[in-house]
Amino acid sequence: MKDNFLENESGIQGQYKTWFLDYASYVILERAVPAIEDGLKPVQRRILHAMKEMDDGRFNKVANIIGQSMQYHPHGDASIGDALVNMGQKDLLIETQGNWGDVRTGDDAAAARYIEARLSKFALEVAFNPKTTEWQLSYDGRKNEPVTLPMKFPLLLAQGAEGIAVGLSTKILPHNFCELIEASIKYLRGKKFELYPDFQTAGMIDVTNYNDGKRGGKVRVRAHIEELDKKTLIIKDVPYGVTTAQLMDSIVKANDQGKIKIKKVTDNTAADVEVQVDLAPGISPDITIDALYAFTDCEVSISPNACVIVDHKPRFVGVYELLRTATDNTKELLRRELEIKLAELQEKWHYTSLEKIFFEEKIYKELEKRHETWEKVLEAIDKAFTPFKKQLRRDITREDIVKLTEKPVRRIYKLDIDELNDQIKGINADIKQVKFDLDNLVDFSVAYYENLLKKYGKGRERKTEIKLFEAIQAKQVAIANAKLYVNRVEGFIGTGLKKDEFIADCSNLDDIIAFTKGGKMKVVKAADKVFIGKDILHVAVFQKNDERTTYNMIYLDGKSGVSYAKRFNVTGITRDKEYDLTKGSEKSKVHYFSVNPNGEAETVKIILSPNASARNKEFDFYFEEMEIKGRGSLGNQVTKYPVKNVKFKEAGRSTLSGRKLWFDNTFGRLNTEEKGKYIGSFESEDRLLVVYNTGNYEISDTELTQRFDGDKVLLIEKFNPEKIVTAVYLDKEKLQYNIKRFKIETTTLRNKFFFIKEGEGNVLEAVTTDEEPILVMQSGRGAQVRKAKIKVNKVVEVMGWKAVGAKLADYSKSTEMEWEKKKTDDNNQPELF
């Protein structure tokens with residue numbers, strides 16, 4: 001009994017060992033991972049083969065296609081139907097009719113009995129050729145099916161692929177049809193090429209870390225979000241793999257979590273995606289756009305993982321290798337097709353030549369002679385051909401003669417012989433061409449790809465915009481969804497101390513900075529209740545790398561009794577670490593503390609203790625005489641005598657220079673990190689003038705969170721209401737350039753004002769605020785180039801900002817214009833883009 005048990009146990013273990021390996025191999029090779037030769041999974045290949053068998057040019061019910069495919073695919077109809085719908089939605093190999101669902105909204109296709117499909121002309125051209133197809137028996141041995149289809153196109157990169165197997169997965173992103181063909185041509189020509197994903201759902205993509213589509217790479221995909229007005233945002237598309245329903249759910253979830261603040265979100269999607277987001281009162285649309293990217297599915301990160309079957313084994317590859325393999329495979333298939341065509345042409349030439357000789361030399365008359373047997377007739381015909389065999393390119397076989405005898409014999413005219421001669425001449429020309437194509441296979445392959453691009457490339461231009469995405473700091477865009485309180489005496493801060501002193505609104509992502517009477521400083525994460533230290537002086541939301549907020553402080557060193565003053569910034573810290581801002585002695589304490597958002601330096605009155613031996617018991621102290629240093633500096637000595645009190649006396653001016661700003665038109669952002677064009681030094685009350693090529697201008701503040709349409713910005717500079725704006729724009733209706741000079745008369749911030757003539761195609765060509773602008777115009781080409789300089793202020797009067805302007809010149813495609821640059825030391829000189 002025991003021996004039988006051990007024997008059974010050993011058998012079961014052995015079966016598990018092999019069965020799981022067999023199962024894993026089957027799932028990898030036969031279900032989840034595409035083959036590198038044709039870019040198809042087995043189910044996709046079998047569907048296409050079944051559709052080719054059914055193809056008569058008309059649409060077939062999807063239910064019928066599923067039934068036909070089940071002769072080859074040993075799984076249920078659901079898996080075949082899902083795969084068929086997936087291929088149909090990609091609009092490449094399968095032409096569809098009926099409701100096939102929508103990948104953008106996540107709507108399912110109608111039932112298989114209601115929708116129809118047929119192979120596209122593109123599929124018939126690139127995916128099928130029985131003469132170059134390797135065949136195998138189907139799973140039940142009744143029919144033949146292709147091992148792989150003879151795919152003459154990089155289909156895997158065009159359609160993309162996704163599958164989960166046992167122990168591995170694959171995710172290959174779709175690429176642009178036209179760009180794939182162009183890349184194949186470049187590869188054949190030995191040139192370098194770049195390939196990046198392109199999605200049916202459009203949107204934007206940052207391919208900085210694409211890594212050739214290999215494991216470890218990553219792309220970030222965003223929806224386009226437009227500002228309809230100050231209260232409404234419109235989402236114009238969805239990221240790849242996200243539906244409008246998922247997008248709206250993520251927005252509602254972020255709102256419920258307090259990360260964004262909206263009134264409602266509405267799906268208005270019809271032919272085009274349109275999700276409307278209505279903002280709550282007082283919420284910035286620019287900050288909300290950033291928050292949507294940071295906290296919702298308006299931005300998603302996708303990690304490609306290109307795994308394919310190569311020689312019956314899974315292999316991880318990159319996009320470059322996939323395209324190279326597909327292109328080499330296409331070239332090889334074209335070579336085989338040419339060789340087959342050459343053999344067929346040579347066979348046709350041989351038979352046509354035999355036919356010509358058979359009739360021209362009246363060899364057919366041997367059929368009229370009396371011979372003993374049919375074999376003797378064939379031998380006689382063969383013998384009659386003997387004088388002409390040198391004209392032929394191969395030996396005459398019995399099958400050749402039998403085929404000739406089967407041709408109806410009638411009276412032969414010279415016209416018939418001439419027709420055969422013309423046929424032979426045409427066949428010789430075809431043979432010559434095929435041999436030429438074989439000798440120049442690269443050129444032939446390039447011509448093949450160019451023909452594909454010409455026939456099928458229209459309407460398949462890139463949909464997904466490639467651009468760099470700026471890094472969005474979640475803390476900066478999170479809506480203040482909590483309230484911060486402080487218990488100064490007991491030393492607690494937090495969002496849960498609702499009975500204590502209210503400080504400010506904050507978000508649960510914020511850091512909080514706090515200072516105590518004992519000269520201690522601490523930065524902590526916003527939480528329900530956090531202990532800082534008794535006698536809290538100041539609490540605020542902490543802004544990292546803030547070089548403008550300046551802390552003015554006078555403290556007593558407990559050991560020496562000397563009072564010191566210091567001015568410092570807090571830029572970078574370690575969270576939850578306690579910093580001592582004094583000399584670190586016991587009984588040190590803070591006499592005076594102030595927070596100055598723009599580096600202001602006040603005057604204070606120092607009142608000494610009545611028992612102090614100093615003659616002067618009161619005196620003024622000026623913080624503006626001190627330099628701003630790090631938080632660890634000891635400071636300057638104020639007095640060695642005991643201090644009774646320090647009182648604020650007079651507000652001071654800022655001791656900091658204006659904030660220098662740059663404009664990065666790649667992201668359409670202002671910044672202080674010296675990225676992009678320098679636009680000047682700004683005080684807190686200064687404003688920006690931004691002019692767009694659409695013919696709009698706006699006056700704006702210098703808030704770094706706002707975004708501008710960088711591609712459309714022609715001019716951005718510090719706003720001076722006394723400056724005169726000179727603008728040249730195209731009047732498309734009259735085909736002329738108009739010019740106008742005007743002062744900015746509006747004062748509303750962040751509102752766009754249209755200042756050129758309204759009309760379709762009207763666009764701003766050039767703009768400047770130079771006092772004496774000189775416009776350089778150039779027109780014509782080659783030897784016909786004409787150049788002119790116009791001193792605009794001499795010929796154009798200043799007018800109202802709504803005026804149409806005066807005619808400058810007639811429109812010409814070759815016209816180029818720019819402002820003559822002048823040497824200047826003015827840092828506020830406008831930058832032109």
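Predicted model: local features only at pLDDT ≥ 70, side-chain atom pairs only at ≥ 80, totals over all residues.
Figure 1. Look for Asp-311 in the loop that links strand S15 (307–310) to strand S16 (313–316). The backbone deserves a glance here too: phi of Asp-311 is positive, at about 55°, although the residue is not a glycine. Most residues other than glycine have a negative phi.

Figure 2. Is Lys-587 buried or exposed? With a relative accessibility of 74%, Lys-587 counts as exposed. Lys-587 sits in the loop between strand S27 (578–580) and strand S28 (589–596). Its phi is near 65°, a positive value in a residue other than glycine.

**Figure 3. Thr-815, a buried residue in a loop.** Here the view moves to the loop between strand S46 (806–810) and strand S47 (816–819), where Thr-815 is found. Thr-815 counts as buried because its relative accessibility of 16% falls under the 20% cut-off. Which residues does Thr-815 touch, leaving out those up to four places away in sequence? They are Tyr-737, Met-777, Gln-778 and Ser-779.

**Figure 4. Arg-669, a buried arginine in strand S34.** Strand S34 covers residues 669–671, and Arg-669 belongs to it. This residue is buried, with a relative accessible area of 9%. Residues up to four places away in sequence aside, Arg-669 touches Asp-290, Glu-470, Trp-662, Phe-663 and Asp-664, and also Leu-704, Thr-705, Gln-706 and Arg-707. One of these partners, Leu-704, is 35 residues from Arg-669 in sequence, and the two C-alpha atoms are 7.0 Å apart in space.

**Figure 5. Ile-225 and its contacts.** Ile-225 lies in strand S10 (residues 225–229) and is buried, with a relative accessible area of 13%. Beyond its neighbours within four places in sequence, Ile-225 is in contact with Leu-233, Ile-234, Ile-235, Ile-289, Leu-292, Tyr-293 and Cys-298. How many residues separate Ile-225 from Leu-608 in sequence? The separation is 383 residues, and the distance in space is 61 Å, C-alpha to C-alpha.

**Figure 6. Helix H10 packing against helix H14.** Helix H10 (residues 319–360) meets helix H14 (residues 441–456) at an angle of about 105°, and their axes are 10 Å apart. H10 is therefore roughly perpendicular to H14. On the H10 side, the contact is made by Ala-326, Thr-327, Thr-330, Lys-331, Leu-334, Arg-335 and Leu-338. Their partners in H14 are Leu-441, Val-442, Phe-444, Ser-445, Tyr-448 and Tyr-449. Sorted by type, the residues of this contact are 8 nonpolar, 3 polar and 2 charged.

**Figure 7. The whole protein, as a setting for the close-ups.** The secondary structure comprises 16 helices and 48 strands. The radius of gyration is 40 Å, well over the 28 Å that the globule rule gives for 833 residues, so the protein is more spread out than a compact globule. Along the principal axes, the C-alpha trace spans about 155 × 110 × 45 Å. Of the 833 residues, 46% count as buried. Among contacts with a separation of 6 or more, 67% involve residues 24 or more positions apart. The accessible surface comes to about 44100 Å², and carbon and sulfur atoms hold 47% of it.

Note on methods
Residues numbered from 1 in each chain as written. Heavy atoms only, no water. Axes fitted to C-alpha atoms, helices over the stretch in contact; angles between N-to-C directions. Helix = DSSP H or I, 4+ residues; strand = E, 2+ residues; numbered from the N terminus. Parallel < 35°, antiparallel > 145°, perpendicular 65-115°, else oblique. Contact = heavy atoms within 4.5 Å. Nonpolar A, V, L, I, M, F, W, Y, C, P; charged D, E, K, R; others polar. Rg over C-alpha atoms; globule rule 2.2 N^0.38 Å. Buried < 20%, exposed > 50% of the residue type's maximum accessible area, 1.4 Å probe, protein only. Areas by Shrake-Rupley, 256 points an atom, 1.4 Å probe, with all protein chains shown as cover.
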